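Here's a chain to look over together. Let's go through it in questions and answers.

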Amino acid sequence: MKLRHSDVTPEKLYLSRRELMAGAAALAIVGGDVTREATAAAPTGAPLAATPNHAYRVADPPTKVEAATTYNNFYEFGTGKDDPARLAATLKPRPWRVQVDGLCAKPRAFDIEEILKVAPLEERIYSLRCVEAWSMVIPWIGYPLAALLKQVEPRPGAKYVEFTTLKDSEQFPAQKPSFLGFGSLDWPYTEGLRLDEALHPLTLLTVGMYGRVLPNQNGAPVRVVVPWKYGFKSAKSIVRIRLTDAEPKTAWNKAAPQEYGFYSNVNPNVDHPRWSQATERRIGEFRRRSTLMFNGYEQVASLYAGMDLKKNY
């Protein structure tokens, strides 16, 4: 049966959450430099049409939208799960540009409106697993990251893709050194994938969820979703995508290498040093469930053939 957005959550309930989002003045990113421009208003709660892709759909019912937009990890807004929703109004997602460069033949900057038109938007219902042993099922909207990377023509020497999140302490208050004493991450937030991981059709360049543009607290205006890895690998509010021949230094790996490896595949056989990864709790459920290898996305297993996934955690 085709899932309607009204089946996921009532429209009135969803729109009530959008009161947390702001809508004016913004920034432009060109070559990684930030300049402020008082121009377009943010598309607060704007509908975003997408064609459901039933080949990529978790059988479980989606997490309620009020949970998915108020229980978040986004350390640029703070370490509390409710901090992003409380503080996200400071982020101005329009205008926005993403620089795509490095080892490619045609480096360029993409305006967010250009990003929306690179490939047809589709809705995929993915499960995303957090390292703290909780998970959600979310109807994401986007298209394969490979479609964007194809635009810049990666060179033969490119082996990795690095993602960089916006660095602006006026928009991301937790980037201020004085913010509640939190300073464990080296801003800007960076993440990375091997090129074959980035080109896998499951890796989604994401611009919306639940039939709407991305809320600020969920990574507006553009993020990646890599469903077989822990959620922190799915970089949010991206301003730069760089192709490189060297493994990128990633934010959490720099902060705590003994806890967060570069690969960070969901693996129930590799515990976090402070908790087990063998089970998880789906938000909205009370019972715990067994964690599936690669979060259940078995089609990526061939990417790691012959690798020691305990060593390459």
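Helices (H or I, at least four residues) and strands (E, at least two) are DSSP runs, numbered from the N terminus. This is a predicted model, where local features need pLDDT of at least 70, side-chain atom pairs count only at pLDDT 80 or more, and totals for chains, interfaces and linings use all residues. Residues are numbered from 1 along each chain as its sequence is written, and side-chain values use heavy atoms, with hydrogens and water left out.

Q: How many helices and strands are there in the protein?
A: Going by those DSSP runs, the protein has 15 strands.

Q: Which residues have pLDDT under 50?
A: pLDDT is the predictor's confidence in each residue, from 0 to 100. The protein averages 88, and 84% of the residues score at least 70. The stretch that stays under 50 is residues 1-39.

Q: Is K229 buried or exposed?
A: Buried means under 20% relative accessible area, exposed over 50%, and partly exposed in between (1.4 Å probe, protein chains only). K229 sits in the loop between β12 (223-225) and β13 (238-244). Its relative accessible area is 0%, so K229 is buried.

Q: Which residue's side chain does K229 join through a polar contact of 2.9 Å?
A: Contact means heavy atoms within 4.5 Å, and beyond four places in sequence K229 touches residues including L128, R129, E197 and Y304. A polar contact is a pair of N or O atoms within 3.5 Å; within protein, one must be able to donate a hydrogen and the other to accept it, and residues adjacent in sequence count only if both atoms are side-chain atoms. For the 2.9 Å pair, the partner of K229 is N265.

Q: Which element gives the most to the lining of the largest pocket?
A: On a 1 Å grid over the protein atoms alone, a pocket is an open set of points where a 1.4 Å probe fits, with protein on both sides within 12 Å along at least five of seven lines; lining residues have an atom within 4 Å of a point. The largest pocket has 31 lining residues, and N73, C130, G231, F232 and K236 are the closest to its centre. With four residues, the top contributor is β7.

Q: Which residues lie nearest the centre of the second largest pocket?
A: This pocket is lined by 20 residues. Those nearest its centre are Y230, E259, N265, V270 and Y313.
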